[in-house]
Amino acid sequence: LVATGSLNRMLQATETEWQRKHFQECIEMLERASRLAPSNTGILLRLGRFQGLRYNFAAAERCFEQALRLAPRKTEMLTAIADHCQNFSNAAIAECYLRRTLEMPDLTPQACIKLAELYERHRRLPEAAQLVERALALNPGFPAALLVHARAERLAGRWEAAEQVLRSFITKPIPDPWIHAQAWYELATILDRREKFDDAMTAFLNAKNLLRPQTPG
């Protein structure tokens, strides 16, 4: 066992080494930390991410698979792994982990939409649309799914349909301010394209206000 304070200092040191571009030293420190706390999935995820960023994808996947074996909630861990793969030069790794979530009994709409967004970025729009439908079947009002659906309508040139999708949820409470802001930005883009310039500016300001840091009282 290792004291929490010592482990935290070790992890902070790895971030410093990474920022200094001492990549191998950083990885070796994380490997030591993982040996000291072998059940710590956070360390395994971080080590896997750094290995992947250094193009050692086999080592990254070994770390991720070990974290997955330890995790009690498999879908949650698979999506966390995919998040850590986002900046890898090999996009297929993130896709592979997200596809595995589709077979999980505890599949979440969030997992569906993460994969849908990946497909959207690679212009695999029919596959993205299928995942949006699956997410909405799990949660009919899921804002992230409706946002992806609206973007798909816009990309297909169906501007009015895209606006209708956004207006169906955009004024309702949305726990995630980032998703809420992106919905307003999307609406602003559509309204601008439809030459509703005053409404577009209002939507843009709503988005900006949602992302503005809260002023301490």
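A pocket is an open set of grid points with protein on both sides within 12 Å along at least five of seven lines. All views show a predicted model.

**View 1. The second largest pocket has contributions from helices H8 and H9.** The space in this pocket comes to about 210 Å³. H8 spans residues 125-138. With 5 residues, H8 gives the largest share of the lining. H9 also supplies at least two lining residues. Among the lining residues are Leu 125, Ala 128, Ala 129, Val 132 and Val 148. Glu 120, Glu 133, Glu 153, Arg 158 and His 149 also line this pocket. By class, the lining holds 7 nonpolar, 1 polar and 4 charged residues.

**View 2. The largest pocket is lined by 16 residues.** Its space is about 430 Å³. Ile 113, Lys 114, Glu 117, Trp 178 and Ile 179 lie nearest the centre. Helices H7 (109-121), H9 (143-155) and H11 each give two or more residues to the lining. H7 provides the largest share, 6 residues. By class, the lining splits into 6 nonpolar, 3 polar and 7 charged residues.

**View 3. His 180 sits in helix H11.** This helix covers residues 177-193. The relative accessible area of His 180 is 12%, so the residue counts as buried. Its contacts include Ile 170, Lys 172 and Ile 174. Leu 210 is in contact with His 180 too. This contact list leaves aside neighbours within four places in sequence.

**View 4. Ring pairs join five residues into a cluster: Tyr 55, Phe 57, Phe 64, Phe 88 and Tyr 97.** The structure holds 7 aromatic pairs. Tyr 55 and Phe 57 make an edge-to-face pair. Their ring centres are 6.5 Å apart, and the angle between the planes is 90°. Tyr 55 is exposed, because its relative accessibility is 56% and the exposed class starts over 50%. Phe 57 is buried, at 18% relative accessible area. Phe 64 and Tyr 97 form another edge-to-face pair, at 6.0 Å centre to centre and 85° between the planes. Phe 64 belongs to helix H4 (residues 57-70) and Tyr 97 to helix H6 (residues 91-101), so this pair ties together parts 33 residues apart in sequence. Phe 64 and Tyr 97 are both buried.

**View 5. The largest nonpolar core holds 55 residues.** Phe 64, Ile 81, Ile 113 and Leu 166 touch the most other members. Phe 64 touches Leu 45, Gly 48, Arg 49 and Ile 81, among others. Its contacts also include His 84, Cys 85, Phe 88 and Tyr 97. Residues up to four places away in sequence are not counted for Phe 64. Another core, of 14 residues, lies apart from the largest one. Its members include Leu 11, Trp 18, Phe 23 and Phe 50.

**View 6. Helix H5 packs through its buried residues against H3, H4, H6 and H7.** H5 runs over residues 74-84. Thr 75, Met 77, Leu 78, Thr 79, Ile 81 and Ala 82 are buried in H5. An α-helix has 3.6 residues a turn, so residues three or four places apart point the same way. Helix H3, one of the packing partners, spans residues 41-53.

**View 7. Lys 21 and Arg 123 are residues with a positive phi, in two loops.** Most residues other than glycine have a negative phi. Lys 21 has a phi of about 65° and is not a glycine. Lys 21 lies in the loop between helix H1 (4-19) and helix H2 (23-36). With 61% relative accessibility, Lys 21 counts as exposed. Arg 123 has a phi of about 60°, again without being a glycine. The loop between H7 and H8 holds Arg 123. Arg 123 is exposed, at 57% relative accessible area.

Definitions and conventions
Residues numbered from 1 in each chain as written. Predicted model: local features only at pLDDT ≥ 70, side-chain atom pairs only at ≥ 80, totals over all residues. Heavy atoms only, no water. Phe/Tyr/Trp six-rings, centres within 6.5 Å; stacked < 30°, edge-to-face > 60°. Buried < 20%, exposed > 50% of the residue type's maximum accessible area, 1.4 Å probe, protein only. Helix = DSSP H or I, 4+ residues; strand = E, 2+ residues; numbered from the N terminus. Contact = heavy atoms within 4.5 Å. 1 Å grid on protein atoms, 1.4 Å probe; cavity = no way out; pocket = protein on both sides within 12 Å on 5 of 7 lines; lining within 4 Å. Points joined across faces, edges and corners; volume = space filled by probe spheres on them. Nonpolar A, V, L, I, M, F, W, Y, C, P; charged D, E, K, R; others polar. Core = buried A, V, L, I, M, F, W, Y, C linked by side-chain atoms within 4.5 Å.
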